[in-house]
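Reader: I would like to go through this model term by term and ask what stands behind each description. Could you set the values against the criteria as we go?

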Amino acid sequence: MKIGMISFAHMHAHSYAEGLNKHTDVELAYIWDDNAARGQEMAEKYNCVFIADLDKFLEKDIEAVVICSENVNHKEQVIKAAKAKKHILCEKPLATEIKDAEAMIQTCEEEGVILQVAYPVRFAPVMEKVKETIQSGAIGEVLAINATNHGLMPGGWFIEKELSGGGSATDHIVHIMDVIRWIFKDEVKSVYAELDTRFYDIDVEDCGMVTLELESGMIVSIDPSWSRPKTYPTWGNVVMHFVGTKGNLSVDAFKQHSLYYNDSEEKIQELPWSEDMDEGLINDFIHCVKVNGNPSITGTDGLRTLEVVKAAYQSNELKKAVKLDRV
């Protein structure tokens, strides 16, 4: 099976490419990138062909594409790929606007192609164990969740609102929300958020607190801040505390690592030794394409998490809680 990659603008593109290359029955055949120098460099690195024209790229004999472009470009590229009958794995967030996400989902349904959204945290083995434990009733009814998805400030196009759609709230709320929806099959009823720019001199928010009420009555707080210092040994974290009627459960998705004091590069690094969640995502997508099955993480999953992000921005502007009206 041949797969192509659309853009290496997002840093996760590298781990996805490496995941593809671990499959003996899958070929990363082509790369397109609007940055020709970057695209050519990546084609040489991953031993495939760079194509400068997106339409010609989509004419190639590939069954699927992995899209890792700037957030604002997802809509155009997903729709083009769908009309070319290519199955799609799209980096998160699915889009920068709700109407764009809806159009992407509709086109993929009309063209009969898979649209999967890149939420790899689901594939961390510890998260799968957390889901199993909670659904078994071991901690009773979950009443509240406190979660953080902290990270380094990524710079580049991530802090250019016209390309990213927003700052840390856009970048990090969605991971936590996807895990919550996946475990509980619950939806958000209302959102209250306070967002700010305090760590860096940038034009988008770099910190905030988001409080949610779910349809079940569960209360959730999320800190999606880019609050990790430049010297931090990894990009960030996903930490969640579940408060239940029979007990509490805490999880750190990146806890399993060795700490490497690297004198040659003058930095400290976390070297994870757990199963790679990005690789798990790629394995799942390949399986879905091979069996022409339903994606594990659907376009609707991407839409629902985006709705929470947009409600958080609206709440921050209005200085009050915002109710979600889902279609």
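Predicted model: local features only at pLDDT ≥ 70, side-chain atom pairs only at ≥ 80, totals over all residues.

Reader: What makes the protein chain as compact as a globular protein of its length?

Author: The protein chain has 10 helices and 15 strands. Its radius of gyration is 20 Å, and the globule rule gives 20 Å for 327 residues, so the chain is as compact as a globular protein of that length. Along the principal axes, the C-alpha atoms fill a box of roughly 55 × 55 × 45 Å.

Reader: How much of the protein chain is buried, and what share of its contacts joins residues 24 or more positions apart?

Author: Buried residues, meaning those under 20% relative accessible area, make up 55% of the 327 residues. Among contacts with a separation of 6 or more, 69% are between residues 24 or more positions apart. The chain exposes about 14,800 Å², of which carbon and sulfur atoms supply 47%.

Reader: How do you know that the span of helix α5 agrees with its number of residues?

Author: Helix α5 covers residues 98–111, and at 1.5 Å a residue its 14 residues should span 20 Å; the end C-alpha atoms are 20 Å apart, which agrees. Just after α5, G112 takes a positive phi of about 70°.

Reader: Why are the buried residues of α5 said to lie on the same side of the helix?

Author: The residues concerned are D100, A101, M104, I105, T107 and C108. They cover an arc of only 165° around the axis, which puts them on the same side of α5. On the other side, K99, E109 and E110 are exposed, a word that requires over 50% relative accessible area. The cover over the buried residues of α5 includes α4 (74–83), β5 (87–91), β6 and α10.

Reader: What makes α10 a mostly covered helix, and how does its reach compare with the expected value?

Author: Of the 20 residues in α10, 15 are buried, and on that count the helix is mostly covered. From its first C-alpha to its last, α10 (residues 299–318) reaches 28 Å, close to the 28 Å expected at 1.5 Å a residue. K319, which follows α10, has a positive phi near 60°.

Reader: Why are β3 and β6 placed at the edges of their sheet?

Author: The sheet is open and has six strands in the order β3-β2-β1-β4-β5-β6, with parallel pairing. β3 (49–50) and β6 (115–118) each have a single partner strand, so one side of each is left without a neighbour in the sheet. Pairing requires at least two bridges, and two bridges join β2 (residues 27–32) to β3. Y30 has V49 in β3 as its bridge partner.

Reader: In the sheet with mixed pairing, which strands are the edge strands?

Author: That open sheet has seven strands, ordered β12-β11-β7-β10-β9-β8-β15. The edge strands are β12 (248–252) and β15 (322–323), each of which pairs on one side only. β12 pairs with β11 (residues 239–244) in the antiparallel sense over five bridges, and V243 stands opposite N248 in β12.

Reader: How many residues lie between β13 and β14 in their hairpin, and how many bridges pair the two strands?

Author: Four residues lie between β13 and β14, and in the turn E266 has a positive phi of about 55°. Strand β13 (residues 257–262) pairs with β14 (residues 267–272) in the antiparallel sense over six bridges, against a requirement of at least two. L259 stands opposite E270 in β14.

Methods:
Residues numbered from 1 in each chain as written. Heavy atoms only, no water. Expected span 1.5 Å × (residues − 1). Buried < 20%, exposed > 50% of the residue type's maximum accessible area, 1.4 Å probe, protein only. Arc of directions from axis to C-beta. Contact = heavy atoms within 4.5 Å. Rg over C-alpha atoms; globule rule 2.2 N^0.38 Å. Areas by Shrake-Rupley, 256 points an atom, 1.4 Å probe, with all protein chains shown as cover.
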